[in-house]
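Take a look at the model below. A short report on its fold follows.

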Amino acid sequence: MNEKVVLSLNDIHVSFDGNPVLNGVSVGLYPGEVLGIRGENAAGKSTLLSVMAGILRPQQGTRAAAPGAEIRIVPQDIALYPSLTGKQNLEFFAEADGFFGNAERNRVNEMLRIFNLESSAKKRVETYSGGMKRRLNMAVSLIRTPDILLLDEPTVGADTHSVGIMLGCIKALKELGTSIVLISHNRSDLDAVCDRTVELRNGILLGAEDGE
């Protein structure tokens with residue numbers, strides 16, 4: 001793997017039941033870069049992210065990540081406990097990440113503030129709007145700031161206010177040096193935060209574009 005690349009895929013092939021989903025995908029992610037990936041529904045974007053995360057092993061090709069790099073993935077599906085409050089969800093994931101006592105309390109309060117969820121912290125997640133759930137879904141994955149963050153349609157179905165908060169968080173993480181992959185069908189979201197955008201079409205990753 002190139003020393004300047006924190007995550008790389010080389011000639012990745014993935015098929016399900018004999019149907020090719022990824023067909024020779026190669027891509028590298030650079031330090032502090034926000035890489036956007038767009039494509040139609042069922043183009044294989046989530047499969048690609050699973051390979052990047054190391055969750056899915058390809059039938060062919062290689063994946064390499066910088067030694068010791070902490071990788072976090074924010075799934076498109078909401079991965080929260082609906083019967084718990086927003087604060088209780090954050091506390092649960094904070095303890096899973098090794099935060100206890102004052103460190104846990106401070107980090108939970110910080111995430112509530114960053115994602116503008118302070119006023120609804122003691123409300124059950126099942127009462128949250130779609131945008132609030134999206135914000136909390138991202139927040140619980142960022143209790144511990146990762147080296148590499150993989151985002152699968154984090155803003156889908158979210159209101160404009162929530163989208164703005166999440167995109168602002170992506171920009172802040174980039175400034176901290178986190179390398180980010182953002183999958184989105186929303187071109188304006190990608191244009192707002194990405195350094196490069198590539199397109200996945202028919203299992204093939206098409207050329208890079210400059211972002212802002």
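In which helix is Thr 47 found? Thr 47 sits in helix α1, residues 45-53. Helices here are DSSP runs of H or I with at least four residues, and strands are E runs of at least two, numbered from the N terminus.

This is a predicted model: local features need pLDDT of at least 70, side-chain atom pairs count only at pLDDT 80 or more, and totals for chains, interfaces and linings use all residues. Residues are numbered from 1 along each chain as its sequence is written, and side-chain values use heavy atoms, leaving out hydrogens and water.

Is Thr 47 buried or exposed? Thr 47 counts as buried because its relative accessibility is 14%. Buried means under 20% relative accessible area, exposed over 50%, and partly exposed in between (1.4 Å probe, protein chains only). Leaving aside neighbours within four places in sequence, Thr 47 contacts Val 14, Phe 16, Val 21, Leu 22 and Leu 56. Contact means heavy atoms within 4.5 Å.

Now the whole chain. The protein chain has six helices and nine strands. Some further values:

| Property of the protein chain | Value |
|---|---|
| Residues that count as buried | 47% of 212 residues |
| Box filled by the C-alpha atoms, along the principal axes | roughly 45 × 35 × 35 Å |
| Contacts with a separation of 6 or more that join residues 24 or more positions apart | 68% |

How confident is the predictor? pLDDT is its confidence in each residue, from 0 to 100. The mean for the protein chain is 94, and 96% of the residues reach 70 or more. Over residues 208-212, pLDDT is below 50. Where pLDDT is low, the predicted coordinates should not be read in detail.

Definitions and conventions
pLDDT is the predictor's confidence in each residue, from 0 to 100.
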